[in-house]
Amino acid sequence: MENKILSGGGEMEFMMFGLMPFENSNDSFRDMFRTLDRMERGFFGNNDSNVCQFRTDIQDEGDHYLLEAELPGFNKEDISIQVSGGFLTVSAQHKEEQNVKEKNYVRKERRFGSYSRSFDISGIDSAGIKASYQDGILNLTLPKAKKELPATQTIAIE
């Protein structure tokens, strides 16, 4: 779209681009959030490395899955594992404060970090999930839910 404006007796042209009106529909709020998401990705880039997430590997071991999450530098007490609404959420929060007094100055350094990831666990027997943490690796054993076959039923012919 081209617009013309007058500037000091002369005519100056400029282009307007990247602007899009919101539609009046039932999905206007959803459209607004999609637009804001696109704007954020355009500004910050679409690089997932900007997001603070921990790396995970998931292996199919036959009767269960093995989820290995890299959480170096955390204590076992810093990690929370919760199951709710068909999702397993692993969260870890790290707080570190350091006071150093040397000569005639005091230095106080703080570091905080928080990580969280959720996984769809439909098809998992959530009551049988087991977790262990050693050397910065969280291991979760996720047993597969047993598929219950319907009982044999005889249908009478009328």
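Colleague: How many bridges join β8 to strand β9 (residues 137-143)?

Modeller: The model is predicted: local features need pLDDT of at least 70, side-chain atom pairs count only at pLDDT 80 or more, and totals for chains, interfaces and linings use all residues. Residues are numbered from 1 along each chain as its sequence is written, and side-chain values use heavy atoms, with hydrogens and water left out. Strands (E, at least two residues) and helices (H or I, at least four residues) are DSSP runs numbered from the N terminus, and two strands pair if DSSP finds at least two bridges between them. β8 and β9 run antiparallel, and the number of bridges joining them is five.

Colleague: Which residue in the turn of the β8-β9 hairpin has a positive phi?

Modeller: Across the two strands, Lys130 has Thr141 as its bridge partner, and Ala131 faces Leu140. Two residues lie between β8 and β9 in the hairpin. A positive phi of about 55 degrees belongs to the turn residue Asp135.

Colleague: In what order do the four strands of the open sheet stand?

Modeller: Strands of a sheet pair through backbone hydrogen bonds, either parallel or antiparallel. Here the pairing is antiparallel, and the edge strands, each pairing on one side only, are β3 (56-60) and β8 (130-134). Neighbouring strands are turned by 15 degrees against each other on average, direction ignored; the axes are lines fitted to C-alpha atoms, and angles run from 0 to 180 degrees between N-to-C directions. The order is β3-β4-β9-β8.

Colleague: Which residue takes a positive phi in the hairpin of β3 and β4?

Modeller: β3 and β4 run antiparallel, and Asp60 stands opposite Tyr65 in β4. Three residues lie between the strands of this hairpin. The positive phi, near 95 degrees, is taken by Gly62.

Colleague: With which residue does Asp60 form a salt bridge?

Modeller: A salt bridge requires a side-chain nitrogen of Lys or Arg within 4 Å of a carboxyl oxygen of Asp or Glu, and a search of the whole structure finds one. The closest N and O atoms of this pair are 2.8 Å apart. The link joins distant parts of the chain, strand β3 and the segment after β9, 84 residues apart. The partner of Asp60 is Lys144.

Colleague: Is Asp60 buried or exposed?

Modeller: Buried means under 20% relative accessible area, exposed over 50%, and partly exposed in between (1.4 Å probe, protein chains only). Lys144, at 24%, is partly exposed. With a relative accessible area of 51%, Asp60 is exposed.

Colleague: What is the volume of the second largest pocket?

Modeller: On a 1 Å grid over the protein atoms alone, a pocket is an open set of points where a 1.4 Å probe fits, with protein on both sides within 12 Å along at least five of seven lines; lining residues have an atom within 4 Å of a point. The 12 lining residues include Glu70, Leu71, Pro72, Phe74 and Tyr115, which lie nearest the centre, and the largest share, three residues, comes from strand β7 (residues 105-120). The volume, the space filled by probe spheres set on grid points joined across faces, edges and corners, is about 160 Å³.
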